[in-house]
Amino acid sequence: MRLREAKRDLYRRLAAAQGYRSRAAFKLIQIDERYNIFKKGDKVLDLGAAPGGWLQVASKRVGSEGLVVGVDIKEIQYVAKNVSTIRMDVFSSDLVEAVASSTNGKVDVILSDLSPNVSGVWELDHSRQIDLTRRVLSVMPHLLKPSGSAVLKVFDGEDLPVIKSQLRKMFEKVDITKPLASRGQSSELYFVCKNYKPEQDLLLQT
């Protein structure tokens, strides 16, 4: 049954037809078409990048003069000349150093499609996913340029308002969206954040 459902999945078929590694590529495409996340020449960090669908999208959007760095605990196969990958747990104490070395400084965009291994216990899955998002927020002061942008996946739930409140202090503009490519029954949402204010972020940490 699951296989038949997958074959009926429009975006899965489109991904196969267009050479994307996952249907998730269309989520980022739709977000970028609406919010204009990428510019030619941007440096982009993609956390939770495997199998590489978002890396493919970002690579095309930033062009040959841009750079995309993907991080995942799983191995990621080669994507393009302007893409490099780091095999690492996002909770590693070496994360910031490894990314900064690969990007030669801070990035213009941080992407996070991080998700825990889903247990089926919603409260637990939500809590674990929010912990991943909090980890991303904790490294932003070290890795995101002033006025930079971020796209962050979250699971809807009781902790969501806390994350939303924090992001609104860190960015001038924060929106929340669910792309058409997301499954209707899925509770995943995406924060789209623009114009990062690092001075406010530093105040939150003091």
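This text walks through a predicted model, from its sheet to the helices on it and then to its salt bridges.

Start with the sheet. Seven strands make up an open sheet, ordered S3-S2-S1-S4-S5-S7-S6. The pairing is mixed. At the edges lie strand S3 (83-87) and strand S6 (171-177), each of which pairs on one side only. Neighbouring strands are turned against each other by 15 degrees on average, direction ignored. Strands of a sheet pair through backbone hydrogen bonds, either parallel or antiparallel. Strand S1 (residues 43-47) and strand S2 (residues 67-72) run parallel, joined by five bridges. Within this pair, Leu 45 has Val 69 in S2 as its bridge partner.

H6 lies across S1, S4, S5, S6 and S7. Its direction is at about 175 degrees to S5. H7 also packs on the sheet, where H7 touches S5, S6 and S7. The direction of H7 makes about 15 degrees with that of S7.

The general rule is simple: an α-helix has 3.6 residues a turn, so residues three or four places apart point the same way.

Turn to the charges. Side chains of opposite charge can pair when their charged atoms come close. The structure holds eight salt bridges. One of the eight joins Glu 188 and Lys 27, at 2.7 Å from N to O. This pair links distant parts of the chain: Glu 188 is in strand S7 (residues 188-196), Lys 27 is in helix H3 (residues 25-35), and they are 161 residues apart. Both Glu 188 and Lys 27 are buried.

Asp 113 and Lys 153 form another salt bridge, at 3.3 Å from N to O. Asp 113 sits in the loop between S4 and helix H6 (122-143), while Lys 153 is in strand S5, 40 residues apart. Asp 113 counts as buried because its relative accessibility is 14%, under the 20% cut-off. Lys 153 is buried too, at 7%. Lys 27, Asp 113, Lys 153 and Glu 188 are linked in a network of salt bridges.

A further salt bridge joins Asp 108 to Lys 145, with the closest N and O atoms 3.4 Å apart. Asp 108 lies in strand S4 (residues 107-112) and Lys 145 in strand S5 (residues 144-155), 37 residues apart. Asp 108 counts as buried at 18% relative accessibility, whereas Lys 145 is partly exposed at 29%.

Technical notes:
Residues numbered from 1 in each chain as written. Predicted model: local features only at pLDDT ≥ 70, side-chain atom pairs only at ≥ 80, totals over all residues. Heavy atoms only, no water. Salt bridge = Lys/Arg side-chain N within 4 Å of Asp/Glu carboxyl O. Helix = DSSP H or I, 4+ residues; strand = E, 2+ residues; numbered from the N terminus. Buried < 20%, exposed > 50% of the residue type's maximum accessible area, 1.4 Å probe, protein only. Pairing = 2+ DSSP bridges. Axes fitted to C-alpha atoms, helices over the stretch in contact; angles between N-to-C directions. Contact = heavy atoms within 4.5 Å.
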